[in-house]
Amino acid sequence: MKKIDNNLRIRDILDLLARTYPDAHCELNYRNPFELLVATILSAQTTDQKVNQVTAELFKHYPTPQKLHELTPEELGDKIRTIGLFRTKAENILKSCRILIEKYNGQVPQTMEELVNLPGVGRKTASVVLANAFGIPAFPVDTHVSRVARRLGLTSEKDPERVEKDLTMLIPKEQWIDCHHRLIFHGRRLCKARKPQCATCPLKSYCLFDNMGC
Ligand code: SF4
């Protein structure tokens, strides 16, 4: 009986998220898998808005691994210097470009195993590329997904891989991509880290926040 109650609760939460954020989507701008890969590497510890400002110009002139790889780390660093950790990111992006050119004929690979072997690409970045560029079910867990999922009682974990494991067990596979976008939208718009807008939150009756103090 308890399991049925929990299943209903999760279904209600997913329905509410879907109704509240029907057009939730990736907020990074990109035109192909390569651009998404670069944008996602750049997005670590910075906002999508800042990344979009930088990539609008960058992708105009360097739309392929071959073109981008013509730059030195210093030259690329200069073009992305408004973004946190720009030196490390420039080096990782250029090393990844080289691998894409030499090993994948300039294409972005479509498996988790291959993606996480690219410099600067962790499980979250790989999942973003798989889900958004290729429509392959994946559940990228960032700070918003992790926080909102805990507040809603969908996980009690903090480690991203464990959060991902809990969410992918609870949520039907065909909803992973949409649901991850909706959790991010909720985290950015209402369920903010410091001052969540609980008074206007449609998920309030399902929320454990008061009891958790997170
Ligand atoms: S009630 Fe508040 S803490 Fe809970 S999900 Fe909504 S915004 Fe987040």
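Predicted model: local features only at pLDDT ≥ 70, side-chain atom pairs only at ≥ 80, totals over all residues.
Colleague: Why is Gln-45 called exposed?

Modeller: Gln-45 has 10 C-beta neighbours inside 10 Å, and because the label exposed applies at 12 or fewer, Gln-45 counts as exposed. This residue sits in the loop between H2 and H3, and its phi is positive, at about 55°, although Gln-45 is not a glycine.

Colleague: What makes Leu-85 partly exposed?

Modeller: The count for Leu-85 is 14 C-beta neighbours inside 10 Å; since a residue is exposed at 12 or fewer and buried at 20 or more, with partly exposed in between, Leu-85 therefore counts as partly exposed. Leu-85 lies in the loop between helix H5 (73-79) and H6, and it too is a residue other than glycine with a positive phi of about 55°.

Colleague: How do you know that helix H2 is mostly covered?

Modeller: A residue is buried if 20 or more other C-beta atoms lie within 10 Å of its own, and in H2, residues 33-42, nine of the 10 residues are buried. Among them are Phe-34, Glu-35, Thr-40 and Ile-41, and the cover over the buried residues of H2 includes helix H3 (48-61), helix H4 (65-68), helix H6 (86-104) and helix H8 (123-134).

Colleague: With which residues is Ala-149 in contact, leaving aside its neighbours within four places in sequence?

Modeller: With those neighbours set aside, Ala-149 is in contact with Leu-154, Thr-155, Val-163, Leu-167 and Leu-183, contact being a C-beta separation within 7 Å.

Colleague: How are the two domains placed, and what does each bring to the contact?

Modeller: The centres of domain 1 and domain 2, taken over C-alpha atoms, are separated by 28 Å, and the contact takes eight residues from domain 1 and five residues from domain 2. On the side of domain 1 that touches domain 2, helix H10 (160-170) and helix H11 (176-189) each supply at least two residues, and by class that side has five nonpolar, one polar and two charged residues.

Notes. Residues numbered from 1 in each chain as written. Domains from an automatic or database assignment. Helix = DSSP H or I, 4+ residues; strand = E, 2+ residues; numbered from the N terminus. Nonpolar A, V, L, I, M, F, W, Y, C, P; charged D, E, K, R; others polar.
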